[in-house]
Amino acid sequence: MKITKWLRATVIACATALTFGIGLGFVSQSASVDAAAVKYTTVSTSTMKKAPYHKKSTTGVIWNASHTKKVATLKGYPYTTWYATKKVVMKKTGGSNALYYQVQNGSGTVSGYVWHNYVTPGKSPFGLKYALGAVALDVNTNGVVWSKSANTPRPIASISKLMTLYLVRQKISNGGGTWNSKVDTSNAGLKKLGKDKDFGGFKFTKNSYTVRDLYLAALIESSNNSAIALGQWVAGGSTPAYNKKFISMMNAQAKTWGLDNSSFVSASGMEQNSLKPFGYSIGGANANMVSAADVAQIARHFINDYYDVLTDASVKSMSLDGQKLYNYNNMLPGRKYYQKSLNVDGLKTGYTFPAGYCFVGTGRKSGHDRIITVVLHDENEFTETRSLMNYVYDKNLA
């Protein structure tokens, strides 16, 4: 078979690459052997007065005593104060002496040796490791006392229900209805939604419920179908067309409050692609996009205008229509993250895959102002909320 010029060049290139790859394999193996042969020996040790340090370089590593195993990366502990109690001079095979500190984090769960150039003296500045957006707000002064990417709009999942339920209360206070007003819940899509394994919770077994019943179901259990039904009631009807009208009311209210980083497409906080099978997608953007700072303002308006929301938001569980409503706020009394001094009594949790775990917390420590904290897309929403609240109060920021 005749080999063309192009084919010949290709064959030669492949052969060269193969030979080069084999060569690289031998080099890599040799380098690996050399790396394994590198050893660290302790030249001297001396105790020192316990001193705080924090990360200077995100590439830093904490090693075991023999420098053979990584205990932790400094990048993995971005807001951690490390306490040094010993200076250790170590020497690498073929290298020069290097100063290390023997360190331990504040809780004592991680300890080891870190090169002195990876840390800097002083306590670590406060920060939240996981939350993509966060804010702490003094309710009395309306002042933001701490923030992290607080003005960046993000999906907020069921936190959205705070706006929906605020508008329910507003309609009642304006004389448009009462707690005992009947809400039509006969829509097939809403009944189907209540039974869904992922987005259900409170099942509509009747064709109507009182405003009060659905309000509690949406606030405590975070019932999606209850929130949508209430929104339609506020807008004056009981069909998806009124759901769309209500969402316009949500956006109008945000505009009235001057919330420039808020956009709503869902009364419940469910994303459009999740609402579509139930007949409640209105098109447009997929999710409600609201910044942490704007969420805090919605919560502040709710608490200031309808303070009794905190009484309902602090109910841990209750029975309604033969079904249990369960509050997922794990900072309430008796729950895993409860701290008595913080007096947390609200306010709302949320989760969808795009939004991650979200939480609006509120409480008032004795002798201080009430605060509202918001964490968005947070893997440890209650731990970080508690840390944020304690930081605000320990520093007398509110």
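Predicted model: local features only at pLDDT ≥ 70, side-chain atom pairs only at ≥ 80, totals over all residues.
Local features need pLDDT of at least 70, side-chain atom pairs count only at pLDDT 80 or more, and totals for chains, interfaces and linings use all residues. Residues are numbered from 1 along each chain as its sequence is written, and side-chain values use heavy atoms, with hydrogens and water left out.

Three strands form an open sheet in the order β10-β14-β13. Strands are DSSP runs of E with at least two residues, and helices are runs of H or I with at least four; both are numbered from the N terminus. Two strands pair if DSSP finds at least two bridges between them. The pairing in this sheet is antiparallel. β10 (154–155) and β13 (262–263) each have a single partner strand, so they stand at the edges, and one side of each lacks a neighbour in the sheet. Two antiparallel bridges join β13 to β14 (residues 289–290). S262 faces V290 of β14.

Rolling a probe the size of a water molecule over the atoms shows where empty space is left. A cavity is a set of points, on a 1 Å grid over the protein atoms alone, where a 1.4 Å probe fits but cannot get out. One cavity of 30 Å³ or more was counted. The largest cavity holds about 50 Å³; volume is the space filled by probe spheres set on the points, which are joined across faces, edges and corners. Lining residues have an atom within 4 Å of a point. They are L219, I220, A313, N327, Y328, N329, L347, K348 and T349. Two or more lining residues come from each of α4 (211–220) and β17 (344–352). β17 gives the largest share, three residues. The lining has five nonpolar residues, three polar and one charged. Here Ala, Val, Leu, Ile, Met, Phe, Trp, Tyr, Cys and Pro count as nonpolar, Asp, Glu, Lys and Arg as charged, and the others, Gly among them, as polar.

Note on methods: 1 Å grid on protein atoms, 1.4 Å probe; cavity = no way out; pocket = protein on both sides within 12 Å on 5 of 7 lines; lining within 4 Å.
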